[in-house]
Amino acid sequence: MITFSQAFSTYFERKAHKFAEQTKISKLQTADLIVKYMGDLPLNEIKLRDIERLYDTLEQDGGYKPATIRKTHTVLRQTLRFAVREELLEKNVAEYAELPPQPASNPNFLNHEDALDLLQTIKAKGHHVMHLYTRLLLLTGRRRNELLGLRWGQIDSKSGVIVFDEAVIYVKKVLSRKELKNGLVCQNVLPSEILKELLALRAFQKIHFNKGNDLDYIFLTDKGELYRPTSITRYYKRISAKKPYNVTPHTLRHTVASYLFSQGYREQDIAALLGHKDSSVTRKVYIHHIHDHQLLQRLSYSLSDTFLSTQLSVQDQDPSVSSSSAKAVTDYFYQKFFSEGGDA
(Lines give C-alpha, C1' and ligand atoms only; values in the text may rest on other atoms or scores of the structure.)
Protein backbone atom coordinates (compact mmCIF):
# COMPACT_ATOMS: atom_id res chain seq x y z
CA MET A 1 0.00 0.00 0.00
CA ILE A 2 1.25 3.45 -0.89
CA THR A 3 2.55 5.49 2.07
CA PHE A 4 2.11 9.18 2.82
CA SER A 5 5.62 10.11 1.64
CA GLN A 6 5.10 8.22 -1.62
CA ALA A 7 1.78 9.97 -2.19
CA PHE A 8 3.33 13.33 -1.38
CA SER A 9 6.21 12.71 -3.80
CA THR A 10 3.75 11.98 -6.61
CA TYR A 11 1.63 15.00 -5.70
CA PHE A 12 4.70 17.25 -5.55
CA GLU A 13 6.06 15.97 -8.86
CA ARG A 14 2.75 16.76 -10.58
CA LYS A 15 2.28 20.20 -9.00
CA ALA A 16 5.81 21.54 -8.51
CA HIS A 17 5.80 23.52 -11.75
CA LYS A 18 3.06 25.74 -10.29
CA PHE A 19 5.00 26.57 -7.11
CA ALA A 20 7.50 29.34 -6.49
CA GLU A 21 10.91 28.17 -5.30
CA GLN A 22 10.26 29.17 -1.70
CA THR A 23 6.92 27.35 -1.76
CA LYS A 24 8.62 24.19 -3.03
CA ILE A 25 11.14 24.29 -0.19
CA SER A 26 8.42 24.97 2.37
CA LYS A 27 6.26 22.06 1.21
CA LEU A 28 9.20 19.63 1.20
CA GLN A 29 10.21 20.68 4.70
CA THR A 30 6.62 20.37 5.93
CA ALA A 31 6.27 16.87 4.45
CA ASP A 32 9.45 15.84 6.29
CA LEU A 33 7.98 17.25 9.49
CA ILE A 34 4.80 15.19 9.05
CA VAL A 35 6.76 11.96 8.55
CA LYS A 36 9.04 12.78 11.50
CA TYR A 37 6.20 13.19 13.99
CA MET A 38 3.47 10.94 12.56
CA GLY A 39 5.54 8.30 10.84
CA ASP A 40 5.33 7.25 7.20
CA LEU A 41 1.98 5.52 7.51
CA PRO A 42 0.18 3.81 4.65
CA LEU A 43 -2.54 6.13 3.39
CA ASN A 44 -5.42 3.83 4.35
CA GLU A 45 -4.11 3.62 7.92
CA ILE A 46 -4.09 7.37 8.56
CA LYS A 47 -6.96 8.08 10.94
CA LEU A 48 -8.44 11.34 12.12
CA ARG A 49 -7.00 10.72 15.59
CA ASP A 50 -3.51 10.36 14.07
CA ILE A 51 -3.80 13.76 12.41
CA GLU A 52 -5.12 15.56 15.49
CA ARG A 53 -2.49 13.85 17.64
CA LEU A 54 0.12 15.14 15.18
CA TYR A 55 -1.11 18.71 15.60
CA ASP A 56 -1.16 18.39 19.40
CA THR A 57 2.37 16.96 19.40
CA LEU A 58 3.69 19.73 17.17
CA GLU A 59 2.18 22.34 19.47
CA GLN A 60 2.91 20.85 22.89
CA ASP A 61 6.11 18.84 22.41
CA GLY A 62 7.60 20.43 19.33
CA GLY A 63 6.84 24.01 20.36
CA TYR A 64 5.61 24.90 16.89
CA LYS A 65 3.45 27.96 16.38
CA PRO A 66 -0.16 27.77 15.13
CA ALA A 67 0.95 29.12 11.73
CA THR A 68 3.30 26.16 11.27
CA ILE A 69 0.61 23.72 12.33
CA ARG A 70 -1.82 25.24 9.83
CA LYS A 71 0.84 24.96 7.12
CA THR A 72 1.28 21.30 8.10
CA HIS A 73 -2.48 20.79 7.85
CA THR A 74 -2.51 22.34 4.37
CA VAL A 75 0.18 19.99 3.04
CA LEU A 76 -1.44 16.95 4.63
CA ARG A 77 -4.92 17.88 3.38
CA GLN A 78 -3.68 18.62 -0.16
CA THR A 79 -1.76 15.35 -0.35
CA LEU A 80 -4.73 13.27 0.82
CA ARG A 81 -7.09 15.18 -1.49
CA PHE A 82 -4.74 14.33 -4.37
CA ALA A 83 -4.75 10.67 -3.31
CA VAL A 84 -8.57 10.61 -3.30
CA ARG A 85 -8.66 12.17 -6.77
CA GLU A 86 -6.17 9.56 -8.00
CA GLU A 87 -8.34 6.80 -6.43
CA LEU A 88 -5.55 5.83 -4.04
CA LEU A 89 -7.74 6.62 -1.06
CA GLU A 90 -11.49 6.64 -0.44
CA LYS A 91 -11.76 9.49 2.04
CA ASN A 92 -9.71 12.54 3.03
CA VAL A 93 -9.89 12.45 6.83
CA ALA A 94 -7.79 15.63 7.10
CA GLU A 95 -10.87 17.58 6.00
CA TYR A 96 -12.43 16.81 9.39
CA ALA A 97 -9.44 17.58 11.61
CA GLU A 98 -9.73 20.28 14.27
CA LEU A 99 -6.87 22.76 14.31
CA PRO A 100 -5.49 24.54 17.38
CA PRO A 101 -7.22 27.90 17.85
CA GLN A 102 -5.71 30.75 15.89
CA PRO A 103 -4.40 33.39 18.32
CA ALA A 104 -6.02 36.79 18.11
CA SER A 105 -4.30 39.01 15.60
CA ASN A 106 -2.02 41.57 17.23
CA PRO A 107 -1.69 44.43 14.76
CA ASN A 108 1.97 45.26 14.43
CA PHE A 109 2.58 48.74 13.09
CA LEU A 110 4.39 51.78 14.42
CA ASN A 111 2.77 54.96 15.59
CA HIS A 112 4.23 58.34 14.67
CA GLU A 113 6.54 58.65 17.67
CA ASP A 114 7.88 55.10 17.42
CA ALA A 115 8.60 55.44 13.69
CA LEU A 116 10.58 58.61 14.33
CA ASP A 117 12.38 56.96 17.25
CA LEU A 118 13.35 54.02 15.04
CA LEU A 119 14.80 56.33 12.38
CA GLN A 120 16.68 58.41 14.93
CA THR A 121 18.08 55.31 16.65
CA ILE A 122 19.42 53.93 13.37
CA LYS A 123 20.84 57.32 12.44
CA ALA A 124 22.53 57.78 15.84
CA LYS A 125 24.30 54.45 15.41
CA GLY A 126 25.78 55.65 12.13
CA HIS A 127 24.10 52.92 10.10
CA HIS A 128 23.71 55.11 7.03
CA VAL A 129 22.71 52.43 4.52
CA MET A 130 20.12 50.94 6.87
CA HIS A 131 18.85 54.44 7.66
CA LEU A 132 18.26 55.00 3.96
CA TYR A 133 16.76 51.52 3.55
CA THR A 134 14.32 52.16 6.42
CA ARG A 135 13.22 55.51 5.03
CA LEU A 136 12.57 53.95 1.64
CA LEU A 137 10.48 51.22 3.26
CA LEU A 138 8.37 53.97 4.82
CA LEU A 139 8.20 55.91 1.58
CA THR A 140 7.23 53.02 -0.66
CA GLY A 141 5.58 50.34 1.50
CA ARG A 142 7.56 47.69 -0.35
CA ARG A 143 8.32 44.19 0.89
CA ARG A 144 11.76 43.46 2.29
CA ASN A 145 13.06 41.48 -0.68
CA GLU A 146 11.60 43.89 -3.23
CA LEU A 147 13.51 46.84 -1.82
CA LEU A 148 16.60 44.75 -1.17
CA GLY A 149 16.57 43.68 -4.81
CA LEU A 150 16.43 47.27 -6.05
CA ARG A 151 19.08 48.02 -8.67
CA TRP A 152 20.37 51.34 -9.92
CA GLY A 153 18.81 50.80 -13.32
CA GLN A 154 15.34 50.87 -11.72
CA ILE A 155 15.71 54.52 -10.69
CA ASP A 156 15.41 57.39 -13.15
CA SER A 157 17.98 59.88 -11.84
CA LYS A 158 16.23 62.79 -13.59
CA SER A 159 12.57 62.26 -12.74
CA GLY A 160 13.04 60.34 -9.49
CA VAL A 161 10.68 57.59 -10.68
CA ILE A 162 11.50 54.27 -9.08
CA VAL A 163 10.15 51.04 -10.59
CA PHE A 164 9.65 47.81 -8.66
CA ASP A 165 9.25 44.74 -10.85
CA GLU A 166 11.35 42.03 -9.18
CA ALA A 167 12.55 40.83 -5.79
CA VAL A 168 15.65 38.94 -4.71
CA ILE A 169 15.38 35.44 -3.33
CA TYR A 170 17.94 33.00 -1.97
CA VAL A 171 17.36 29.34 -2.72
CA LYS A 172 19.89 27.04 -1.08
CA LYS A 173 22.20 30.06 -0.60
CA VAL A 174 22.10 30.93 -4.30
CA LEU A 175 20.86 34.40 -5.24
CA SER A 176 18.16 34.68 -7.88
CA ARG A 177 15.40 37.11 -8.82
CA LYS A 178 11.67 36.65 -9.20
CA GLU A 179 8.79 38.84 -10.35
CA LEU A 180 6.65 40.58 -7.77
CA LYS A 181 3.66 38.80 -6.27
CA ASN A 182 0.71 38.85 -8.68
CA GLY A 183 3.10 39.79 -11.50
CA LEU A 184 2.52 43.50 -10.89
CA VAL A 185 4.83 46.40 -11.64
CA CYS A 186 4.73 49.24 -9.10
CA GLN A 187 6.12 52.76 -9.20
CA ASN A 188 6.97 55.49 -6.72
CA VAL A 189 8.41 58.97 -7.14
CA LEU A 190 11.24 59.92 -4.79
CA PRO A 191 11.63 63.36 -3.19
CA SER A 192 14.62 65.24 -4.57
CA GLU A 193 16.45 65.05 -1.23
CA ILE A 194 16.26 61.27 -1.14
CA LEU A 195 17.24 61.05 -4.79
CA LYS A 196 20.33 63.18 -4.13
CA GLU A 197 21.31 60.95 -1.24
CA LEU A 198 20.93 57.85 -3.39
CA LEU A 199 23.13 59.35 -6.10
CA ALA A 200 25.74 60.23 -3.47
CA LEU A 201 25.66 56.62 -2.27
CA ARG A 202 26.14 55.48 -5.87
CA ALA A 203 29.22 57.69 -6.24
CA PHE A 204 30.62 56.36 -2.95
CA GLN A 205 30.15 52.75 -4.05
CA LYS A 206 31.90 53.33 -7.36
CA ILE A 207 34.92 54.75 -5.56
CA HIS A 208 35.21 52.32 -2.65
CA PHE A 209 34.00 49.00 -4.04
CA ASN A 210 35.62 46.83 -6.67
CA LYS A 211 33.98 45.89 -9.94
CA GLY A 212 33.61 42.34 -8.68
CA ASN A 213 31.13 43.43 -6.02
CA ASP A 214 27.35 43.51 -6.40
CA LEU A 215 27.44 47.05 -7.77
CA ASP A 216 24.16 46.66 -9.66
CA TYR A 217 22.39 46.67 -6.32
CA ILE A 218 21.77 49.70 -4.11
CA PHE A 219 21.83 48.24 -0.62
CA LEU A 220 25.27 46.76 -0.01
CA THR A 221 27.22 45.91 3.13
CA ASP A 222 30.47 47.68 3.99
CA LYS A 223 32.19 44.90 2.03
CA GLY A 224 30.25 45.75 -1.11
CA GLU A 225 28.07 42.63 -0.92
CA LEU A 226 24.30 42.41 -1.14
CA TYR A 227 22.56 42.07 2.21
CA ARG A 228 20.94 38.72 2.86
CA PRO A 229 17.19 39.06 3.52
CA THR A 230 17.52 37.25 6.85
CA SER A 231 20.28 39.64 7.97
CA ILE A 232 17.92 42.57 7.38
CA THR A 233 15.28 40.97 9.61
CA ARG A 234 17.85 40.23 12.31
CA TYR A 235 19.06 43.84 12.16
CA TYR A 236 15.61 45.22 12.99
CA LYS A 237 15.20 42.64 15.74
CA ARG A 238 18.44 43.81 17.34
CA ILE A 239 17.73 47.52 16.89
CA SER A 240 14.34 47.23 18.58
CA ALA A 241 15.30 44.69 21.26
CA LYS A 242 15.17 47.25 24.08
CA LYS A 243 12.37 49.32 22.60
CA PRO A 244 8.69 49.24 23.60
CA TYR A 245 7.93 48.15 20.03
CA ASN A 246 9.08 45.26 17.83
CA VAL A 247 10.10 45.89 14.24
CA THR A 248 10.45 43.76 11.15
CA PRO A 249 10.58 45.07 7.58
CA HIS A 250 6.94 44.00 7.25
CA THR A 251 6.03 46.14 10.26
CA LEU A 252 6.91 49.20 8.20
CA ARG A 253 4.78 47.97 5.29
CA HIS A 254 1.83 47.67 7.68
CA THR A 255 2.64 51.13 9.02
CA VAL A 256 2.36 52.65 5.54
CA ALA A 257 -1.00 51.00 4.87
CA SER A 258 -2.47 51.84 8.26
CA TYR A 259 -1.51 55.49 8.21
CA LEU A 260 -2.80 56.02 4.71
CA PHE A 261 -6.09 54.40 5.69
CA SER A 262 -6.32 56.56 8.82
CA GLN A 263 -6.03 59.64 6.61
CA GLY A 264 -8.95 58.64 4.42
CA TYR A 265 -7.31 57.17 1.34
CA ARG A 266 -9.32 54.60 -0.57
CA GLU A 267 -8.58 50.91 -0.04
CA GLN A 268 -8.09 50.35 -3.77
CA ASP A 269 -5.47 53.12 -3.90
CA ILE A 270 -3.57 51.68 -0.96
CA ALA A 271 -3.87 48.21 -2.50
CA ALA A 272 -2.36 49.48 -5.75
CA LEU A 273 0.53 51.06 -3.87
CA LEU A 274 1.26 47.85 -1.96
CA GLY A 275 0.91 45.67 -5.05
CA HIS A 276 -2.33 43.89 -4.14
CA LYS A 277 -4.73 42.94 -6.92
CA ASP A 278 -7.54 42.52 -4.42
CA SER A 279 -8.16 45.39 -1.99
CA SER A 280 -9.84 42.97 0.43
CA VAL A 281 -6.36 41.60 1.22
CA THR A 282 -5.26 45.11 2.09
CA ARG A 283 -8.26 45.60 4.35
CA LYS A 284 -8.05 42.24 6.14
CA VAL A 285 -4.29 41.94 6.55
CA TYR A 286 -2.57 45.29 6.29
CA ILE A 287 -4.98 47.99 7.46
CA HIS A 288 -5.15 48.18 11.22
CA HIS A 289 -7.76 50.57 12.52
CA ILE A 290 -6.21 52.98 15.00
CA HIS A 291 -8.38 53.49 18.08
CA ASP A 292 -6.20 56.17 19.72
CA HIS A 293 -8.20 59.26 18.75
CA GLN A 294 -5.66 61.67 20.24
CA LEU A 295 -2.99 60.10 18.08
CA LEU A 296 -5.20 60.42 15.02
CA GLN A 297 -5.77 64.09 15.86
CA ARG A 298 -2.03 64.75 16.16
CA LEU A 299 -1.43 62.97 12.87
CA SER A 300 -4.10 65.04 11.16
CA TYR A 301 -2.64 68.31 12.47
CA SER A 302 0.78 67.35 11.11
CA LEU A 303 -0.49 67.05 7.54
CA SER A 304 -0.45 69.95 5.15
CA ASP A 305 -3.76 71.37 3.92
CA THR A 306 -2.68 70.68 0.36
CA PHE A 307 -2.12 67.00 0.97
CA LEU A 308 -5.37 66.59 2.88
CA SER A 309 -7.27 67.97 -0.09
CA THR A 310 -5.40 65.73 -2.55
CA GLN A 311 -7.33 62.69 -3.75
CA LEU A 312 -5.23 59.77 -4.84
CA SER A 313 -6.23 58.59 -8.30
CA VAL A 314 -5.33 55.18 -9.61
CA GLN A 315 -6.93 53.89 -12.77
CA ASP A 316 -9.06 50.90 -11.88
CA GLN A 317 -8.01 48.98 -14.96
CA ASP A 318 -4.31 49.49 -14.29
CA PRO A 319 -2.96 47.34 -11.42
CA SER A 320 0.25 49.35 -11.14
CA VAL A 321 0.47 52.62 -9.27
CA SER A 322 0.49 55.77 -11.36
CA SER A 323 3.39 58.20 -10.88
CA SER A 324 1.12 60.99 -9.63
CA SER A 325 -0.56 58.74 -7.07
CA ALA A 326 2.77 57.36 -5.85
CA LYS A 327 4.23 60.87 -5.64
CA ALA A 328 1.39 61.98 -3.37
CA VAL A 329 1.99 59.03 -1.06
CA THR A 330 5.74 59.57 -1.12
CA ASP A 331 5.37 63.28 -0.34
CA TYR A 332 3.14 62.43 2.59
CA PHE A 333 5.63 60.08 4.20
CA TYR A 334 8.52 62.40 3.45
CA GLN A 335 6.76 65.22 5.34
CA LYS A 336 5.63 62.92 8.12
CA PHE A 337 8.80 61.01 8.94
CA PHE A 338 11.75 62.77 7.39
CA SER A 339 11.16 66.51 7.75
CA GLU A 340 10.79 66.11 11.53
CA GLY A 341 14.35 65.13 12.32
CA GLY A 342 14.50 61.72 10.69
CA ASP A 343 16.48 62.83 7.63
CA ALA A 344 20.22 62.29 7.29
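The model is predicted: local features need pLDDT of at least 70 and side-chain atom pairs count only at pLDDT 80 or more, while totals for chains, interfaces and linings use all residues. Residues are numbered from 1 along each chain as its sequence is written, and side-chain values use heavy atoms, with hydrogens and water left out.

The chain comprises 15 helices and 4 strands, assigned as DSSP runs numbered from the N terminus (helices, H or I, at least four residues; strands, E, at least two). Of its 344 residues, 47% are buried, where buried means under 20% relative accessible area, exposed over 50%, and partly exposed in between (1.4 Å probe, protein chains only). The chain exposes about 17900 Å², of which carbon and sulfur atoms supply 48%; accessible areas come from the Shrake-Rupley method with a 1.4 Å probe, and for residues only the protein chains shown count as cover.

Two packed helices are described by the angle between their axes and the distance between the axes. Axes are lines fitted to C-alpha atoms, for helices over the stretch in contact, and angles run from 0 to 180 degrees between N-to-C directions. Helix α2 (residues 21-38) and helix α3 have axes that come within 10 Å and cross at roughly 100 degrees. The two helices are therefore roughly perpendicular to each other, given that angles under 35 degrees count as roughly parallel, over 145 as roughly antiparallel, 65 to 115 as roughly perpendicular and the rest as oblique. Leu33, Ile34, Tyr37 and Met38 of α2 make this contact with Asp50, Leu54, Thr57 and Leu58 of α3. By class, the residues involved are 6 nonpolar, 1 polar and 1 charged; Ala, Val, Leu, Ile, Met, Phe, Trp, Tyr, Cys and Pro count as nonpolar, Asp, Glu, Lys and Arg as charged, and the others, Gly among them, as polar.

The axes of α2 and α4 come within 9 Å and cross at roughly 90 degrees, which makes α2 roughly perpendicular to α4. On the α2 side the contact involves Ser26, Lys27, Thr30, Ala31, Leu33, Ile34 and Met38, which meet Thr68, Lys71, Thr72, Val75, Leu76 and Gln78 in α4. The contact of α2 with α4 has 6 nonpolar, 5 polar and 2 charged residues.

The structure holds 7 salt bridges, each defined as a side-chain nitrogen of Lys or Arg within 4 Å of a carboxyl oxygen of Asp or Glu. Asp50, a residue of the contact between α2 and α3, is joined to Arg53 by a salt bridge (3.2 Å, N to O). Both residues lie in helix α3 (residues 48-60), 3 residues apart, about one turn of the helix. Asp50 is buried at 14% relative accessible area, whereas Arg53 is partly exposed at 46%.

A salt bridge also connects the side chains of Glu95 and Arg81 (3.2 Å, N to O). This pair links distant parts of the chain, with Glu95 in the loop between α4 (66-85) and α5 (112-124) and Arg81 in helix α4, 14 residues apart. Glu95 is partly exposed, at 41%, and Arg81 is partly exposed, at 36%.

In the salt bridge of Asp117 with Lys243, the closest N and O atoms are 3.0 Å apart. Asp117 lies in helix α5 and Lys243 in the loop between α9 (229-239) and α10 (249-262), so the pair ties together parts that are 126 residues apart in sequence. Asp117 counts as partly exposed at 25% relative accessibility, as does Lys243 at 26%.

Key. Contact = heavy atoms within 4.5 Å.
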